[in-house]
Amino acid sequence: MNSARSAVSGVSARSTFAQHFLMIVLVLVAPMAVHGQANLHGQWKTLSTQTPINPVHIALMHTGKVLIVSGSGNVKGNNNFEAAVWDPQADTITTQTLAWDMFCDGMVVLSDGRPFVMGGTLQYDPFHGQKLTAAFDPSTGTFTNQQSMAHGRWYPTGTTLGDGSVMVFSGQDENGVTNKTVEIFKIGTGWGAASTAPFTPPLYPRMHLLPNGTVFNSGAQTTSNIFNPSTHIWTLDVAKTNFGSTRTYGTSVLLPLSPVDLYKPRVVIMGGANPATATTETIDLSVSNPKWVTGPSMSQPRIEMNATILPSGKVLATGGSAMDENGSTASLNADLFDPTTESFSSAGANVFPRLYHSNALLLPDATVLVIGGNPARGTFEPHLEIYSPAYLFTSSGTLAARPTITSAPTGVIGHGSVFQVQTPNAASISSVVVLRAGAVTHAFNMEQRMVDLSFTKGSGVLNVTAPPNGNIVPPGYYLLFILDSAGVPSVAKFVRF
C-alpha cells in the first residue's frame with residue numbers, strides 16, 4: 001500500500017470521478033443549505049490560506065497559534081522534514097525545517113506551554129520508530145531536542161499526568177516491533193525507568209487520565225484496561241466493547257468533568273473499523289463494575305474521524321469515510337453529540353473529504369479548525385475549514401452578542417484556589433469552563449479535556465474555584481470560557497494551572 005499505515009491496517013484508494021463530482025455539488029449547495037439555519041446547525045467556511053505542508057499533527061499553543069508538524073509528510077525518501085505555525089488572526093502559515101523526521105510522532109503540550117514531540121519515523125516500509133524527542137518554544141519558534149526515550153516509537157500516544165509529567169505508550173520501536181513499555185517524562189529530570197505492559201497495545205492507543213490519577217485505555221482494541229502511574233500496575237479487561245471488533249481509527253473522548261457530580265468520569269468511543277461503523281458507546285468509570293453501553297449512532301460511518309469538545313460540553317464529530325482512504329465514501333456530515341441527552345443532532349456539512357491524517361481543533365474564539373486529509377502518498381488536502389457552532393448565531397442567522405472577559409489571571413492558578421474573572425456580563429453568566437489546549441493526530445486528541453468550574457457572581461466579577469487537584473486539571477494552559485444564559489460563549493482567555 002502507498003499509505004504510511006500500511007503496517008497497521010486499511011485499504012488504499014484513489015480519488016474518483018464520484019468524489020470530485022460530490023465536492024463540486026457541495027461547494028455549490030452548502031452555502032444555501034446553511035442560510036438562515038446557522039442557529040440550528042452552525043456554519044462552515046473555507047479559508048483562503050492553504051497549508052503548504054501535510055498537517056499530520058497539530059497543537060494549539062497559549063499564543064493562540066497552531067503548531068503543525070509534518071516531518072517527511074508521508075512521502076518516502078523525502079528528507080526535507082518540515083513544520084509550520086498557523087496564525088488564526090492573520091491567517092498566515094510560516095514553515096520551518098526540522099532536524100529529524102517527526103512524522104507519526106506522539107505530541108502533547110508540556111505544563112510550561114511547549115509542545116512536546118515524542119518519537120517519529122526512523123525508516124519507511126517497514127516503519128521503524130525514532131527514540132528522539134523535542135520541545136517547541138512558542139516564543140522563539142524553535143525546536144530543542146530533549147532526552148531520548150529508551151527505545152523508538154512510531155505511532156505512540158502521550159498522556160499528561162496529574163503532576164505535569166508525560167506518559168508515553170506504544171509505537172513501533174527502532175526494530176519495527178510494537179513497544180510494550182510505558183515511560184514517564186518530567187521537565188528538568190527527563191525519562192524515568194521503563195515498565196513493560198502485560199499485553200501488546202494497539203498503535204496510537206486511546207488513553208485518558210481519570211480523576212483518581214489512573215489512566216484508562218479505551219481502545220482501539222475491544223478490551224479496555226487501566227494503568228496506575230504510581231505503581232506501574234495494569235488492570236486488564238476492565239470492560240469489553242459491544243461492537244466486538246477493533247475500532248481502527250475511530251476516536252475516544254473523555255466527556256466533560258463537573259464538580260456537580262464529583263467529577264464522574266465518562267468516556268465515549270465513536271466510529272472506526274473498515275468498513276467503518278457509525279456506532280458509539282459510553283462507559284461510566286465511577287462505578288465498581290463499569291460496562292460499555294451502546295449509544296446513538298452518528299449520521300454516517302466514520303474511519304479516520306475526529307471528535308472535538310465544544311465549550312457547551314457537546315462533542316463535534318467530523319470527517320472520516322465509510323471505507324478507509326476512500327474519498328468517494330467520505331463522511332461530510334458533521335454531528336453534534338450531547339452527553340446529557342446522549343443524542344446526536346446535525347452540525348451541517350463540510351466541503352472537503354477529511355480522511356487519513358486529517359485533524360480538528362478547538363480555537364480560542366470557540367470555533368473549530370478542520371484541516372488535512374492524506375489518502376495517498378504525494379497528495380494531501382490543503383484547504384482549511386472553520387466550523388462556527390450554532391451557539392454563535394441568533395435565530396435570524398446573525399452573529400449573537402457574546403459575553404466578554406476583560407481580565408483573567410495571568411499567573412499560575414493553584415489547585416483548589418479561588419480566582420477572579422472580570423466581566424461586565426457577570427449577572428448573565430451561567431457557566432465557566434476550561435478546556436485544555438489540544439494536540440491532535442490520527443483521529444485522536446491526546447490533550448482534550450474539559451472541566452466545569454464552580455463560581456459565584458459579584459458586581460462585574462466572577463469568583464471562580466479551581467478544581468482540587470491535577471488529576472482533574474493537569475498542570476498547563478487552558479482555554480477559559482464564560483457562557484451566558486443563552487449558551488453563547490465568550491472568546492477564551494488562556495489561563496495556567
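## The second largest cavity

Strand S25 (303–309), strand S29 (358–362) and strand S33 (429–436) each bring at least two residues to the lining of the second largest cavity. S29 supplies the largest share, three residues. Here strands are DSSP runs of E with at least two residues, numbered from the N terminus. A cavity is a set of points on a 1 Å grid over the protein atoms alone where a 1.4 Å probe fits but cannot get out, and its lining residues have an atom within 4 Å of a point.

This is a predicted model, where local features need pLDDT of at least 70 and side-chain atom pairs count only at pLDDT 80 or more, while totals for chains, interfaces and linings use all residues. Residues are numbered from 1 along each chain as its sequence is written, and side-chain values use heavy atoms, with hydrogens and water left out.

The second largest cavity has a volume of about 90 Å³, a volume being the space filled by probe spheres set on grid points joined across faces, edges and corners. Among its lining residues are Thr 308, Ile 309, Gln 448, Arg 449 and Leu 479. Sort the lining by class and you get six nonpolar, four polar and two charged residues. For this count, Ala, Val, Leu, Ile, Met, Phe, Trp, Tyr, Cys and Pro are nonpolar, Asp, Glu, Lys and Arg are charged, and the others, Gly among them, are polar.

## The largest cavity

The structure has three cavities of 30 Å³ or more, and the largest has a volume of about 140 Å³. Its lining takes in 16 residues, with Leu 209, Met 446, Glu 447, Gln 448 and Arg 449 nearest the centre. Strand S12 (157–160), strand S17 (206–209), strand S21 (251–254) and strand S35 (444–445) are the elements that give two or more residues to that lining. By class, it has seven nonpolar, six polar and three charged residues.

Let's look at S21. Thr 251 and Val 253 point one way from this strand, Ser 252 and Leu 254 point the other way, and all are buried (under 20% relative accessible area with a 1.4 Å probe, protein chains only). S21 pairs with strand S22 (residues 266–270) in the antiparallel sense over four bridges; pairing takes at least two bridges found by DSSP. Thr 251 stands opposite Met 270 in S22.

In soluble globular proteins, nonpolar side chains tend to be buried together. The largest nonpolar core here has 53 residues, and Trp 86, Met 270 and Phe 481 have the most contacts inside it. Strand S30 (residues 368–372) gives the most to this core, with four residues. A nonpolar core is a set of buried Ala, Val, Leu, Ile, Met, Phe, Trp, Tyr and Cys residues joined through side-chain atoms within 4.5 Å.

Apart from this core lies another, of 34 residues, including Val 238, Ile 269, Trp 292 and Leu 480. Back to Trp 86: leaving out residues up to four places away in sequence, its contacts include Leu 47, Lys 65, Asp 91 and Leu 369. Contact means heavy atoms within 4.5 Å.

Why does Ser 388 count as buried? Because its relative accessible area is 17%. Ser 388 sits in strand S31 (residues 383–388) and touches Gly 42, Gln 43, Thr 367 and Phe 393, not counting residues up to four places away in sequence.

Pro 201 lies in the loop between strand S16 (195–196) and S17. This proline counts as buried because its relative accessibility is 5%.

Note on methods
On a 1 Å grid over the protein atoms alone, a cavity is a set of points where a 1.4 Å probe fits but cannot get out, and a pocket is an open set with protein on both sides within 12 Å along at least five of seven lines; lining residues have an atom within 4 Å of a point. Buried means under 20% relative accessible area, exposed over 50%, partly exposed in between (1.4 Å probe, protein chains only).
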